[in-house]
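How do the helices of this model pack against one another?

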Amino acid sequence: MTRTSRDRDDEGRARNARPRDGLGRPLPYGQEGVDRQPEGVVRSPDETLTEAQRLLDAGMPFHAHEVLEDAWKSGPEEERGLWRGLAQLAVGLTHAARGNPRGGAALLARGADSLAPYAPERPYAVDVVGLARWAEELRDELRRDGSPVPAAGRAPRLRAG
């Protein structure tokens with residue numbers, strides 16, 4: 001039995017260093033992938049939404065999820081549901097684009113549910129109602145058809161206008 005060493009980050013934690021495609025799937029070592037989003041970056045809400053939208057529009061919802069997850073983990077307690085919901089929508093689109101309709105539908109529903117309490121306030125101009133509608137339509141499509149969707153072509157608008 002041959003043992004292989006594990007990829008580790010600078011602090012010695014196990015981290016898969018394989019390159020990734022635009023949907024976050026690992027590629028074989030040596031292949032060129034998409035740059036990963038750095039973890040643990042603290043951004044303002046506006047910077048977070050702008051960067052996440054850029055990544056969604058580029059067909060990289062997995063990477064947008066990582067940006068939104070940073071806000072979820074670093075933001076104030078009263079906003080964690082907002083950022084978690086947005087991250088879940090991005091990962092739902094990731095699953096939908098990867099051809100996992102069941103996982104995509106579940107995460108889209110969970111994300112919309114997480115966002116629902118924020119609809120009256122619309123923090124940071126997040127289009128909570130529009131995102132819930134988008135998630136419901138895509139979820140229903142996935143349940144009917146189940147075919148992979150184009151990530152960039154189905155990217156939601158995080159803010160109205």
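## Helices α1 and α2

In this predicted model, helices α1 and α2 cross in a left-handed sense. Helix α1 spans residues 45–57 and helix α2 spans residues 61–74, and their axes, which cross at roughly 165 degrees, come within 7 Å. Because angles over 145 degrees count as roughly antiparallel, α1 is described as roughly antiparallel to α2.

On the α1 side, the contact is formed by T48, E51, A52, L55 and L56, which meet P61, H63, A64, V67, L68 and A71 of α2. Sorted by class, the residues in this contact of α1 with α2 comprise eight that are nonpolar, two that are polar and one that is charged.

## Helices α4 and α5

The second pair consists of helix α4, covering residues 101–115, and helix α5, covering residues 128–144, which pack at an angle of about 160 degrees with their axes 9 Å apart. That angle makes α4 roughly antiparallel to α5, and the crossing in which α4 passes α5 is left-handed.

From α4, the residues making the contact are P101, G104, A105, L108, A109, A112 and L115, while α5 contributes V128, L131, A132, W134, A135, L138, R139, L142 and R143. By class, the contact of α4 with α5 contains 13 nonpolar residues, together with one polar and two charged residues.

Definitions and conventions
Residues are numbered from 1 along each chain as its sequence is written. This is a predicted model: local features need pLDDT of at least 70, side-chain atom pairs count only at pLDDT 80 or more; totals for chains, interfaces and linings use all residues. Side-chain values use heavy atoms; hydrogens and water are left out. Axes are lines fitted to C-alpha atoms, for helices over the stretch in contact, and angles run from 0 to 180 degrees between N-to-C directions. Helices (H or I, at least four residues) and strands (E, at least two) are DSSP runs, numbered from the N terminus. Angles under 35 degrees count as roughly parallel, over 145 as roughly antiparallel, 65 to 115 as roughly perpendicular and the rest as oblique. A crossing is left-handed if the near helix is turned anticlockwise from the far one by less than a right angle, and right-handed if clockwise. Contact means heavy atoms within 4.5 Å. Ala, Val, Leu, Ile, Met, Phe, Trp, Tyr, Cys and Pro count as nonpolar, Asp, Glu, Lys and Arg as charged, and the others, Gly among them, as polar.
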